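Here is a colleague's note to read beside the sequence and the structure. The points below can be checked one at a time against the view.

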Amino acid sequence: MLKIKNLKASVDGNQILKGLNLEVKPGEVHAIMGPNGSGKSTLSNVLAGREDYEVEEGSIVEYLGEDLLELDVEERAKKGIFLAFQYPVEIPGVTTATFLKEIINSVREAQGKEALPAPQILKLMREKIKTVDLPQEFLKRSLNEGFSGGEKKRNEMLQMALLEPQLAILDETDSGLDIDAMKVVANVVNELRKQDRSFIIVTHYQRLLNYIVPDFVHVLHNGRIVKSGDKSLALELEDKGYDWVKKEAPQTV
Amino acid sequence: MTNIQDKHIDRFLTLFQSFEGALNGEKGHPMHEWRRKAIHRLKDLSFPTRRHEEWKYTPVTKVVSPTYSVNPNSELSEKKLEKFKIDDLNAAVLVFVNGQLRKDLSDLDQLPQGLQLMPMSEALDHPDYQDIVKELYISSTEKTEDPFLAMNAAFSKENMFIYVPANTHVTQALHILHINTPEELPYFYNPQKLIHLGKGSKMVLVESYNDLGEGDTKSEYFNNMQNVIHLKGNAQMDHYKLQRESTRSSHLNNTSIYQDRDSVYSNYQLDLGGLWVRNNLNAYHKGENVTTNFYGAFLGKGNQHMDAHTLVDHAIPHCQSNELYKGILDDKAHGVFNGKVMVHKDAQKTNAFQQNSSLLLSEKAVMDAKPQLEIFADDVKCSHGATIGHLDESSVFFLRTRGINEKRAKEMLQEAFLLEVIENMPNESLRAYASKWIAEKLASE
């Protein structure tokens, strides 16, 4: 599904990713863990296509056999990539319902499906909003405006559930969440887990991985994956702390 | 010193002669005496230069230079009228084509119940109305310092006196519908309305300005309009102006509002059309506990120039004013907001709020924002804010990551930006209509 080879990327001239390799197969859940500043958010943003991030020559990112880096941001979304933001933006004046209607039909259109009529979309939204435990009246409110941190993350999960992506990247979705909200995130992911859908869960802590059991755990340090393993690696990290990997990791030249 | 500007005045004086010649029988009426006084006044005035503080950002030369025709035709088929009506709006409609009233297309015999409407000349002959008309009108002729007001009075033909008797709630709206058509020569017209709301009365006035021309055939004209409005004690007025003039036209809106105690005046304004647009909205408080609301939204593209000048004259204690103006400027468009709030020494306990926010979408777009608070009382609450910014890139990115293309994402954010103004309109049909206009303009190239 996703093949990343030798990915190097920089922001404002500072190289953050320094040759990252990762392969995600259909149906797999990969957790990417790492200390602050290791490049976790840069990876998420590069995959989603944020323009402030400069990807260097020689980097290869293949998604479903296509060169992902050549695709516009919206093209990536239409081809099934979803990024759950660490800090979802507030958009005053655009109601959540209007926004959801727009994105559902935009993605459906790109996938050659018919646009859903308004009443059907509304029904779908009303059903799905229950799964993220947000009150129905949030649909009428401006997108994320005045939402608490947890409500914003639930709203991200609602969008993911409605768009049914092929590859979902959760960028520190768990940060700042209480235990109930975290369970909601885990439930939505676990509900969506299936053979041809993959997840990349970027997180600082092991906590979320108690509820979403990953197939692989990778440790990102200094712009590279320095250690990979199964779910037990997350527990080991929790126990020993990131200093343990930092010491083991080969120093950059 | 003002030779060049005098030349322009002279041209309008000459134009008045041909205008007067075409008036025929009306010349004998006292109304015409007023026109002559106004043109006489114009002789003593000159058009403002950019050295004039109120006209610093808005040059008038292009507006006053053409030789205008004063007698454009007023043809329009009934079929073409339909698309300019406002969906679901409960209103009596008066149709003006190129500034001229088309009685046959208007609901003159089905006016909103309770509302009186007549030409000013008729009101002048009416014992109940003549004093009111004189009082409202005199300020815009003999004493005015503004050449455009003098011009409006001198060339006024299709003028109107609107009267709402005391304690009358007019539930149906009055819709003044202007449609312009392309003519061989640029033309010019001067709509004029005197509006009197009796004690405890209510009315809704909707003005819409439209162009029938498209692309290269857009109409070329100068609409020099004036409203003088008097709200007696406890009267309420909702006043809408939805403007989609030709992008080859000039649109000058002079609206003065005099408010007696406990009255509430709300103005909702949407400017999308016009090459040169200037709004002068002036509210004067004449009694306690008056409320003035000014809401304005504009969207300029191409070479459009859009100027909103407002004045709230707080002369009396215990009055409120709210102002919210938001504008978007793209391409080489130029926006101006000049909001003056004058709080006189006696106007204690004044509550005045003003906010102006603008978005610039291109390197060459310009916004001049000038909030102007002059406060001479010491026990008041006055606040103002002016912001000029760009479309938020992270919001655009967010929408794009959800599969919305860049152009549509930007449209959505612009719509949302102006919606903050539009959503204050109490009438749902007008809110929907204004939103539709905005969406259409955003989607146009």
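**Notes on a predicted model**

1. In chain B, B:Gln355 stands opposite B:Gly385, a residue of strand S20. This model is a predicted one, which should be kept in mind throughout the points that follow.

2. The pairing to look at around that position is the one between strand S18 of chain B, residues 351-360, and S20(B), which run in the parallel sense and are joined over nine bridges. S20(B), which spans residues 381-389, is hardly covered, since the count of buried residues among its nine residues is zero.

3. Most residues other than glycine have a negative phi. B:Lys349, although it is not a glycine, has a positive phi of about 60°. The residue counts as partly exposed because B:Lys349 has 15 C-beta neighbours inside 10 Å.

4. A:Asn222 is found in the loop between strand S12 (216-221) and strand S13 (224-229) of chain A. With 18 C-beta neighbours inside 10 Å, A:Asn222 counts as partly exposed.

5. How are helix H9 (residues 406-422) and helix H10 (residues 428-443) of chain B packed, and at what angle? Their axes lie 10 Å apart and the angle is about 150°, which means that H9(B) is roughly antiparallel to H10(B), as angles over 145 degrees are counted in that way. The crossing of H9(B) and H10(B) is right-handed.

6. On the side of H9(B), the contact between these helices is made by B:Glu411, B:Gln414, B:Glu415, B:Leu418, B:Leu419 and B:Ile422, while H10(B) brings B:Arg431, B:Ala434, B:Ser435, B:Ile438, B:Ala439, B:Leu442 and B:Ala443. Sorted by class, the residues of the contact of H9(B) with H10(B) are eight nonpolar, two polar and three charged.

7. Which residues bring the chains together, and how many come from chain A and from chain B? The contact takes 19 residues from chain A and 16 residues from chain B. On the side of chain A that touches chain B, at least two residues each come from helix H2 (73-78), strand S8 (91-95) and helix H3 (96-110) of chain A, and H3(A) gives the most, with five residues. This side of chain A has twelve nonpolar, three polar and four charged residues.

Key
Residues are numbered from 1 along each chain as its sequence is written. Chains are lettered from A and ligands numbered from 1 in the order in which they are written. This is a predicted model: local features need pLDDT of at least 70, side-chain atom pairs count only at pLDDT 80 or more; totals for chains, interfaces and linings use all residues. A residue is buried if 20 or more other C-beta atoms lie within 10 Å of its own, exposed if 12 or fewer, and partly exposed in between; C-beta atoms are placed from the backbone. Helices (H or I, at least four residues) and strands (E, at least two) are DSSP runs, numbered from the N terminus. Two strands pair if DSSP finds at least two bridges between them. Two residues are in contact if their C-beta atoms, placed from the backbone, lie within 7 Å. Ala, Val, Leu, Ile, Met, Phe, Trp, Tyr, Cys and Pro count as nonpolar, Asp, Glu, Lys and Arg as charged, and the others, Gly among them, as polar. Axes are lines fitted to C-alpha atoms, for helices over the stretch in contact, and angles run from 0 to 180 degrees between N-to-C directions. Angles under 35 degrees count as roughly parallel, over 145 as roughly antiparallel, 65 to 115 as roughly perpendicular and the rest as oblique. A crossing is left-handed if the near helix is turned anticlockwise from the far one by less than a right angle, and right-handed if clockwise.
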